[in-house]
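Load the model in a viewer and keep the sequence panel open. The stops below are given in the order in which to select them.

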Amino acid sequence: MHALLRELFPLGRSLTGEGVRATLRRINEVVPLEIREVPTGTLVFDWTVPDEWTVTEAFIEDAAGRRVVDLRDHTLHLVGYSVPVDTTMTLAELQPHLHSLPEQPDLIPYRTSYYAPSWGFCLTDRARQSLRDGQYRVVIRSRLAPGSLTLAQHLHRGATDEEVLVFAHDCHPSLANDNLSGLVVATMLASFLRGRETRYSYRFVFAPATIGSISWLALHPEGLHRIRHGLVLSLLGGGGAFHYKQSRHGDRPVDRAAWHVLQSGFTGSRLLEFLPWGYDERQFCSPGIDLPMGRLTRTPNGEFPEYHTSADNPDFVPAEQLAEAWLACLRIFEVLEADRRYVNLAPYGEPQLGRRGLYRTTGGHQDIPERQLALLWVLNQSDGTKSLLDITGRAGLPFQLVARAAADLEAAGLLRPADADAHSTPLRSVGDE
Amino acid sequence: MHALLRELFPLGRSLTGEGVRATLRRINEVVPLEIREVPTGTLVFDWTVPDEWTVTEAFIEDAAGRRVVDLRDHTLHLVGYSVPVDTTMTLAELQPHLHSLPEQPDLIPYRTSYYAPSWGFCLTDRARQSLRDGQYRVVIRSRLAPGSLTLAQHLHRGATDEEVLVFAHDCHPSLANDNLSGLVVATMLASFLRGRETRYSYRFVFAPATIGSISWLALHPEGLHRIRHGLVLSLLGGGGAFHYKQSRHGDRPVDRAAWHVLQSGFTGSRLLEFLPWGYDERQFCSPGIDLPMGRLTRTPNGEFPEYHTSADNPDFVPAEQLAEAWLACLRIFEVLEADRRYVNLAPYGEPQLGRRGLYRTTGGHQDIPERQLALLWVLNQSDGTKSLLDITGRAGLPFQLVARAAADLEAAGLLRPADADAHSTPLRSVGDE
Amino acid sequence: MHALLRELFPLGRSLTGEGVRATLRRINEVVPLEIREVPTGTLVFDWTVPDEWTVTEAFIEDAAGRRVVDLRDHTLHLVGYSVPVDTTMTLAELQPHLHSLPEQPDLIPYRTSYYAPSWGFCLTDRARQSLRDGQYRVVIRSRLAPGSLTLAQHLHRGATDEEVLVFAHDCHPSLANDNLSGLVVATMLASFLRGRETRYSYRFVFAPATIGSISWLALHPEGLHRIRHGLVLSLLGGGGAFHYKQSRHGDRPVDRAAWHVLQSGFTGSRLLEFLPWGYDERQFCSPGIDLPMGRLTRTPNGEFPEYHTSADNPDFVPAEQLAEAWLACLRIFEVLEADRRYVNLAPYGEPQLGRRGLYRTTGGHQDIPERQLALLWVLNQSDGTKSLLDITGRAGLPFQLVARAAADLEAAGLLRPADADAHSTPLRSVGDE
């Protein structure tokens with residue numbers, strides 16, 4: 001994953017254009033992507049797909065002809081969607097177009113101006129302070145012209161057409177944590193699932209932030225009702241414990257599955273309540289869409305100093321952190337796969353587990369093994385209204401134990417899924433020694 | 001307000017009679033009152049309006065002809081509703097008719113005997129202890145005879161006939177905090193609203209405690225269904241932080257509005273759960289009436305040593321405390337006026353706020369201004385089921401900010417009130433720089 | 001109670017057989033029992049009534065002909081339901097059939113093997129360690145043959161046929177706390193109720209654990225719908241505070257009644273959430289039965305070192321603890337008897353309590369007596385949806401005070417039961433000075 005991230009890092013991504021397409025071509029070599037180009041001017045809900053932005057060159061030259069800022073040095077140097085410029089101006093005239101971080105004088109900030117025609121350069125504050133009075137030539141050879149916005153998706157088909165949606169935004173230029181980390185983890189999850197049997201279908205969507213998720217939602221209305229659970233992936237490196245942000249309602253299965261996995265298996269994980277600010281969960285959780293989508297990050301946006309600066313580079317995203325994030329997602333999928341409601345087929349008193357080999361044969365012991373307690377909890381609570389996650393929460397037992405108890409009871413003919421026709425082929429895949 | 005309070009202080013109020021009428025005549029000079037006289041004997045729910053009580057003179061004279069207690073000195077000296085007496089008795093015979101406070105030897109207590117024919121005098125314990133054995137002449141020239149009980153109300157008409165009810169009891173004699181403080185604050189709120197446009201109509205009712213509120217409820221059944229919110233006002237001076245007592249259900253809009261205003265703007269405010277003991281909220285919150293009426297006081301009844309004694313005089317109720325109480329009420333009204341449910345008219349994804357001038361045009365910042373966050377919260381939650389107070393609670397933002405966000409979004413055509421026909425003309429009036 | 005317990009202690013109880021029958025015959029001398037014999041092979045839900053087990057002799061003899069273990073010494077020496085044996089074997093061959101407690105070397109453990117054909121002996125670890133290598137003769141003269149399982153019940157008829165169910169298991173051999181304590185307390189409760197008028201009928205059921213309660217449930221389906229509240233009684237001696245285990249739903253009237261009684265009157269009482277492990281509440285609270293049955297114990301099963309050992313003897317169950325448990329149960333019954341929903345017949349404002357002698361006649365006091373507050377709470381909350389237990393919880397007053405307030409208000413014609421036809425004859429019986 002880290003190698004793929006390093007490969008993708010230098011590509012000049014933006015809302016639209018060749019940087020995104022090059023990124024998706026590379027991912028397509030790992031898992032096949034279905035690409036859709038949405039033409040400029042397409043109405044998507046309250047928005048309009050903007051012109052495509054192409055930039056070939058952008059620099060600021062001092063009077064001596066020395067390039068003091070040059071897009072070739074770093075993709076963050078140019079404000080995203082800057083309009084074309086070729087002019088000469090004084091430093092004072094130039095200043096309003098410069099962005100730097102006085103408190104982090106060696107970092108280049110990341111700025112965009114997608115929806116207001118404007119231009120600007122981002123540079124380190126140290127470089128900015130070293131600029132002398134005088135005339136500067138400013139050149140931005142960009143083009144804003146009809147084109148298209150690129151959406152990509154990969155579908156893993158499971159036993160049912162009920163879907164788990166995974167979304168990662170792909171519009172940020174050379175920022176590793178935000179969001180190459182989400183892109184490569186999602187890609188490797190998709191790759192892992194290929195050829196594996198699952199109960200749910202898994203849809204992976206890569207698109208630009210905001211306008212991309214809005215476009216995808218607007219153009220796929222017929223499929224939204226199939227989405228049962230979803231995760232927005234971003235900021236999966238950069239250090240810090242996992243932060244799971246709840247969906248709009250806060251109590252959906254994905255919320256409980258994710259939090260059970262994180263708090264029981266990933267030390268220090270934190271739970272965040274829904275907030276209509278952040279990444280594309282804002283769109284998936286808007287009132288008219290209202291999907292059960294949570295968000296998995298490590299330290300959230302805006303809460304670490306490298307956020308949206310040139311310090312968010314591949315070294316900031318260690319390979320182990322990506323691997324751990326990939327594992328956490330897979331564990332969440334496993335819980336979602338196994339979670340369901342069951343009906344106890346012998347609900348009058350307890351069934352006799354002993355003659356089915358599910359219970360010790362001597363009586364009188366002081367305690368009960370956790371595994372037998374899980375069997376009793378599943379039997380007691382399975383009246384068709386409680387899911388295994390509900391039972392896990394009430395019993396205070398690990399989900400895996402509860403799910404295995406349910407499987408054993410189903411095999412013994414004592415339990416059936418409450419949604420009768422569904423057959424369960426749970427994802428059981430990794431690290432289950 | 002304090003001048004009015006001082007003016008009203010000496011008037012000899014009781015359940016019925018001239019003291020109450022004189023009080024109402026004076027208030028009528030500030031805001032016009034509609035007066036209703038309820039004749040003795042009228043059945044009001046489980047009660048009967050009692051005889052009117054008039055007293056012209058009341059004193060105790062010692063053997064030397066010296067008046068040791070005289071109603072002319074203080075209206076508290078006579079037990080309210082004392083029957084006529086003209087007799088001579090020993091000190092021992094007199095003692096059961098005397099009320100004093102041994103632990104507060106310089107204060108005169110306040111006592112009544114409205115519904116059991118009886119008589120008595122209240123005096124300082126110091127005065128009582130100085131009484132020598134001997135004969136005393138006791139004279140009470142009172143009259144209990146058919147008459148009437150006086151109810152007063154003032155209605156401020158708003159854009160709708162949905163009402164906010166404000167109640168203050170007016171039967172206590174020379175006690176400043178209990179309840180001239182409530183009376184003058186209510187009067188000045190009524191005065192302030194005159195000529196101002198409001199969404200709600202505001203009804204101010206002044207009546208004797210218990211029998212007065214019961215009479216008013218019994219005689220105005222047709223109007224009760226219009227009452228949306230209500231406040232009982234009492235004990236608004238006397239020091240101590242505000243105490244808001246919840247309505248019977250505890251979660252009505254007035255409960256949440258009042259508590260939001262108090263805890264966010266008035267340091268030290270305390271929230272009290274409903275209790276069927278206190279002032280006239282007992283009647284408004286009885287199970288057959290069950291109005292959403294809370295109560296605003298400072299230190300509650302019975303919890304300060306001056307309660308129901310001669311120490312509850314105008315000096316105990318500083319003008320600043322009255323002004324602050326008036327402001328707190330007005331703030332509560334403002335929240336009630338602005339609070340409503342909205343429907344997001346662009347609920348699919350977020351609407352593009354930038355092109356409407358409601359969002360900054362550059363992207364990539366670390367944080368989001370509170371004002372923009374309020375816009376996002378209102379949009380996200382406005383599915384017609386959540387009120388602005390609900391959103392305020394979930395977002396943890398000030399109500400004013402949320403209400404302004406809703407107004408801006410409504411002006412931008414992105415929001416409409418959920419109760420479609422209603423038009424909002426929120427009270428925006430004081431201290432809104 | 002303690003004398004009865006000592007008398008019952010030596011009887012060799014098991015799932016079936018003469019020990020249980022002898023126990024029930026003795027109880028029948030105190031309260032009349034209805035006995036039902038359920039034949040071997042009867043299908044009861046998922047279970048089958050097992051063969052009846054009879055044992056006449058069981059011992060282990062060493063090579064010198066010395067009996068090193070003999071059932072005549074202690075009923076715990078033989079594993080319950082051991083099959084017949086008459087053989088000679090080496091110590092090494094014998095060891096897998098021996099049960100002892102190395103950490104409690106002087107205690108004999110209690111073990112059974114009801115549903116898997118097997119045999120074994122229980123002995124102190126000290127005795128076991130003293131066994132020398134050599135040949136041992138093992139004799140178990142037992143018989144597993146068609147017979148029956150014995151169920152017993154006693155019904156106290158109250159004013160209604162709504163029932164309170166009390167269950168105690170009777171299958172454990174010489175163990176005093178588990179469960180002679182439950183048996184004798186239940187017996188004495190039944191005895192106390194005879195000839196007393198109650199609102200509920202009280203059904204006492206004594207049966208073997210698990211198979212007994214399952215049999216009773218399977219064979220009395222027509223009566224289950226009449227059960228309104230229930231208690232499983234066990235471990236009522238042995239020291240430690242009371243532990244009340246909630247029913248499956250956790251919020252049933254019996255749960256609230258029991259906890260109110262215990263936390264307000266029995267210091268140190270603890271509340272346990274439902275768990276599908278323990279005693280026969282497991283069967284009563286299975287999803288298809290789902291009765292509102294809680295469980296009263298002192299220290300729960302498995303949490304004290306004497307549990308299921310020979311140290312659980314009559315000395316372990318002091319008479320005072322049995323008496324206190326009996327009183328706690330009776331207090332719970334009293335709350336259940338008195339708890340009901342009422343309708344305030346004067347719900348508009350407060351009724352005038354003074355003229356009914358329910359309220360002091362002078363006004364102006366600083367505080368209100370608890371008894372008057374209880375009257376006001378009952379009036380305020382009695383809209384037909386809140387029970388006296390609900391009101392008790394909200395008011396924070398003792399249940400007895402609230403119930404007496406309701407009785408006074410009903411007598412004054414201000415209240416009627418919400419379930420109109422029911423007439424209340426509350427159990428008022430013991431210690432109500």
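Select Arg248(C) and Asp383(A): their side chains form a salt bridge, with 3.5 Å from N to O. The term stands for a side-chain nitrogen of Lys or Arg within 4 Å of a carboxyl oxygen of Asp or Glu. The rule finds four salt bridges across the interface of chain A and chain C. This is a predicted model, in which local features need pLDDT of at least 70 and side-chain atom pairs count only at pLDDT 80 or more, while totals for chains, interfaces and linings use all residues. Residues are numbered from 1 along each chain as its sequence is written, chains are lettered from A and ligands numbered from 1 in the order in which they are written, and side-chain values use heavy atoms, with hydrogens and water left out.

Next, select helix H10 (residues 370-381) of chain A, which gives six residues, the largest share of the side of chain A that touches chain C. Helices (H or I, at least four residues) and strands (E, at least two) are DSSP runs, numbered from the N terminus.

Chain A supplies 27 residues and chain C 27 residues. About 2,500 Å² is buried between these two chains, and carbon and sulfur atoms give 49% of that area. Buried area here is the accessible area (1.4 Å probe) lost by two parts on being put together, summed over both. On the chain A side, pick out Glu350(A), Gln366(A) and Asn380(A), which lose the most area to chain C, together 26% of what that side buries.

Now go to the peptide bond between Asp178(A) and Asn179(A), which is cis, with omega about 20 degrees. Asn179(A) belongs to helix H5 (residues 176-193) of chain A. In chain C, a cis bond joins Asp178(C) and Asn179(C), with omega about 15 degrees. Most residues other than glycine have a negative phi, and most peptide bonds are trans.

For positive phi, select Tyr81(A), where the angle is near 70 degrees. Tyr81(A) sits in the loop between strand S5 (67-70) and strand S6 (85-90) of chain A. Is Tyr81(A) buried or exposed? Its relative accessibility is 3%, so Tyr81(A) counts as buried; buried means under 20% relative accessible area, exposed over 50%, and partly exposed in between (1.4 Å probe, protein chains only).

Move to Leu235(B), with a positive phi near 50 degrees. Leu235(B) lies in the loop between strand S13 (227-233) and strand S14 (243-245) of chain B, and is buried at a relative accessible area of 0%.

Technical notes. Contact = heavy atoms within 4.5 Å.
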